[in-house]
Amino acid sequence: MTRGALMGDATSLLEKWLSASEFLVIGKKVSRVDSLEKALGKALFTEDYYIDYFLGNALYVKQVLSTHPHARLKSISLPEHLRSKDVKLFTARDIPGENQVGYALPDQPLLAEGKVRYHGEVVALVASMDMDEALRAVEEIRVEYEPLPYILDPLEAMNRNDILIHEEAGSNIAFKTRVRRGDVEEGFSRAHVIVENEYRLHHQEHAYLETEAALAIPGIEGGVTIIGGLQYPHLGQRIVARVLGLPLSKVKIVAPYIGGGFGGKDDEGPLTCAKAALVAYLTGKPALLIYSREESIKVHPKREAAIIRYKSGADADGRLTAIDVTIIHDTGAYANRGPFILWRATMHASGPYVVPNARVDGYAVYTNKVYQGSFRGFGNLSIQFAVERQMDQLAERLGLDPVEFRLRNIVREGSYTITGQLLDHSVGVADALVKVANACRWRERRREIEEFNKHSERIKKGIGVAVAWHGISTSRGVPDWSNAYVKIEQDGSVTLYTGIVEIGQGSPSSAHVQIVCELLGVTPDRVRVVYGTTDAPDAGATHASRGSSIGGIGVYVAASKLRERLSELASRVLGVSAEDLVFADNKVYSRSNPGKQISLRDLVKEAIARGIELSATGYFFLPKGRFDDTVGQGFAYPAYSYIVVVSEVEVDTLTGVVRVTRVYPGLAAGRIINPQQVEGQIEGAVAQGVGYALMEKLVFNDNGEVLNTNLTDYVIPTIKDVPEIAEPVYVEDLFKYGPFGAKGVGEMALIPMPASIANAVSHALGVNVTRTPLTPEEVLRLIGRL
């Protein structure tokens, strides 16, 4: 059967339940199947496996980090007294396979080779059965450097060729993007108002509770098994195999429970696994690598720092006429996913608005700093900040209410994006904006706040709205697929295999379970999920808000195949039509005559007796269109999720402290499979957005060294900083390729949060906010008190 025929079968299965109006578990607040295990402290994380099974019997691995931002590596050696204590040293020359782990570009070694490119780059590994000896070795290892000139400013790096971070590239510009639509000059000539600003946004640290960790165990026939914190086991498998020079079949990856990812463990997780695997493979002994908090902050990629120059115009009727945007990302020492991050920022540069004329240029620029990488909101948070600040200023110049101005320009079904892509379905953002505005009493609250500010000298209040969109799945024509395996056991219970990882969001332990329960009628307690392992089918990465949506399609297709087989059998056994059957509570019965029923256990026995297969693979290859990178036109994403956030703030003009008091979120993200889980995602995203907007900032010294490498000096929100969050508003704009119409939700609320806060602060103080974070010092500078 051709791929087209297979996809046609899968598509028809997806369409079958898209218009259903009643569900048993979909859309319900169902507890996750792993809740009790986590609540009781029985859930095992990577370090727990080491403590429970390998303590005293595994090598403890530590990393030797560069003390220079740019230097040639002359030599690395271990003092004799450490060699006598059986401390082992591993450098690039010990790698049996390929010392290349670059993601978008082949520019990054696992262990520095030839030269180092940022302060904190890993130059070697040391290992010992004695943890103290390994820690001592890191301090005493001899590394000889020849310092080189370095560049920390991306604007300087763009214009210099005498200092190159990567000589072979011939430039410090790692990657460029562009969009060209319509006639920008003509568009600005029709504008009644034009607003132009330069925005500066900062690096952000992931600060996950569990730092990076991997436990590698040598196996039979020269293979290796790695238990590690990562977001895509099959990517980890490919990188480990490449570094060790092994076939994929000899590398097994298992992602246990993970204490937070946010994208950071999508990038660094596979490298952590590869370093632990290298030591285990070369020594034949189990090896554990756990980053200290300081190592984690120094080594792993960060949210990109961005400089965005944004010019936009609107006519007298309040319609956008043109945008002209330049995006510069501080990519750091290695490209990593920087080209994809920049690409997403470029294609989202209009925000969720109709813009007939657009010119957008993007630059990913190498510098001698820790490199950028995946972070919740992936390239979109900074550009949506600029978009939403522009929208507020345009509205003010036109004398229009900020919500009304947005509604005049918002994308709707039938609109075209700046890449020329038709939004032919699943566009519920206008509805969401209206509903959130109603929920927060937008117009009344603005009037009340403005009246308050007339009579309050020290404390000023503000309210701000921000709207964002986020492309679901991977971009352009980049292949994306979903895959899962479902089997019904002889007692009617179900085992599900998926490569999707649990990083706190609950995709495999909640949404995937609910999909199986809805289609097969089993209760959640009778579903076992095997997830996050290379023994399961490759379901793609747990990133890009695709875990429950795209990742769940394979689960849906596999379970649907089994439902079709069992429906046909139950129809014959019970003597009723398949359309009359209900699968629920571990049984199948007639809707019109409930007395006609059979337990799922007995139906399975009947299926076995008749030779009906009780396992199925669900594979779906996501349809995509063409894209022309030369002009930035064509198919960008299969669908978009949309988020609206309104924030209320209080600003102390004496101290400069900003407090977010209340947040009103709204989602247009297709079918909401589990409202309880979605609320958890929104709450976490709001907290992370507050941190980014108000307090989190990496501080670098003149050598590019990160100075605040702990959670005392790198400040993140506490529970006292989290505002009251109103009940979310949902608009279920169904996605035709999502399971039951679901789209992604995990990143959504974070993306517009900083802009919403900035717009509220601007409303409170009457200032133009163009920089993040809004620390007390920055606020005092804005109001002229510093």
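Colleague: What makes strand 27 and strand 29 (residues 729-730) a pair?

Modeller: Two bridges join strand 27 to strand 29, and the two strands run parallel. At least two bridges are required for pairing, so the count of two is enough. Within this pair, Gly666 stands opposite Val729. Bear in mind that this is a predicted model.

Colleague: Which way does strand 28 (residues 724-725) run relative to strand 27, and how many bridges join them?

Modeller: Strand 28 runs parallel to strand 27, with two bridges between them. Arg662 stands opposite Glu724 of strand 28. On the way from strand 27 to strand 28 the chain passes through helix 19, and this β-α-β crossover is right-handed.

Colleague: Why is that crossover called right-handed?

Modeller: With the strands pointing away from the viewer, a path from the first strand over the helix to the second that runs clockwise is called right-handed. The crossover from strand 27 through helix 19 to strand 28 is assigned to that class.

Colleague: Why is strand 27 (residues 658-668) described as largely enclosed?

Modeller: Eight of its 11 residues are buried, so the rest of the structure largely encloses strand 27. Its antiparallel partner is strand 26 (residues 640-652), over 10 bridges. Val651 and Val658 are bridge partners there. The hairpin of strand 26 and strand 27 has five residues between the strands, and Gly656 takes a positive phi near 85 degrees in it.

Colleague: How do you know that the length of helix 19 (residues 675-694) is close to the expected one?

Modeller: Helix 19 has 20 residues, and its first and last C-alpha atoms are 28 Å apart, close to the 28 Å expected at 1.5 Å a residue. Of those 20 residues, 15 are buried, and the helix is mostly covered. At its start, a side-chain oxygen of Asn674 comes to within 3.0 Å of the backbone nitrogen of Gln676.

Colleague: Why does the span of helix 16 (residues 507-520) count as agreeing with expectation?

Modeller: Its 14 residues should span 20 Å at 1.5 Å a residue, and its end C-alpha atoms are 18 Å apart, which agrees. As for cover, 14 of the 14 residues of helix 16 are buried. Just after the helix, Gly521 takes a positive phi of about 75 degrees.

Colleague: Why is Ser507 called buried?

Modeller: Its relative accessibility is 2%, and the cut-off for buried is under 20%, so Ser507 qualifies. Ser507 lies in helix 16. Leaving aside residues up to four places away in sequence, Ser507 touches Ile500, Glu502, His512, Gly547 and Ser548.

Colleague: Why do Cys273 and Cys517 count as buried?

Modeller: Cys273 counts as buried because its relative accessibility is 0%, and Cys517 does because its value is 3%. The structure holds zero disulfides.

Colleague: What do strand 7 and strand 14 each make with strand 15?

Modeller: Strand 7 (residues 173-181) pairs with strand 15 in the antiparallel sense over eight bridges, while strand 14 (residues 320-332) pairs with strand 15 in the parallel sense over nine bridges. Arg359 in strand 15 stands opposite Arg180 and also opposite Asp324. Strand 14, helix 11 (residues 338-347) and strand 15 make a right-handed β-α-β unit. Seven of the nine residues of strand 15 (residues 358-366) are buried, so strand 15 is largely enclosed by the rest of the structure.

Colleague: What makes Ser473 and Asp86 stand out in their phi values?

Modeller: Most residues other than glycine have a negative phi. Ser473 has a positive phi near 80 degrees, and Asp86 has a positive phi near 65 degrees. Ser473 is in the loop between strand 16 (459-471) and strand 17 (481-488), and Asp86 is in the loop between helix 4 (80-83) and strand 3 (88-90).

Colleague: What is the peptide bond from Thr772 to Pro773 called, cis or trans?

Modeller: That bond is cis, with omega near -5 degrees. Pro773 is found in the loop between helix 20 (753-765) and helix 21 (776-782).

Conventions:
Residues numbered from 1 in each chain as written. Predicted model: local features only at pLDDT ≥ 70, side-chain atom pairs only at ≥ 80, totals over all residues. Heavy atoms only, no water. Buried < 20%, exposed > 50% of the residue type's maximum accessible area, 1.4 Å probe, protein only. Helix = DSSP H or I, 4+ residues; strand = E, 2+ residues; numbered from the N terminus. Expected span 1.5 Å × (residues − 1). Disulfide = S-S within 2.5 Å. Contact = heavy atoms within 4.5 Å. Polar contact = N/O pair within 3.5 Å; in protein donor to acceptor, adjacent residues only side chain to side chain.
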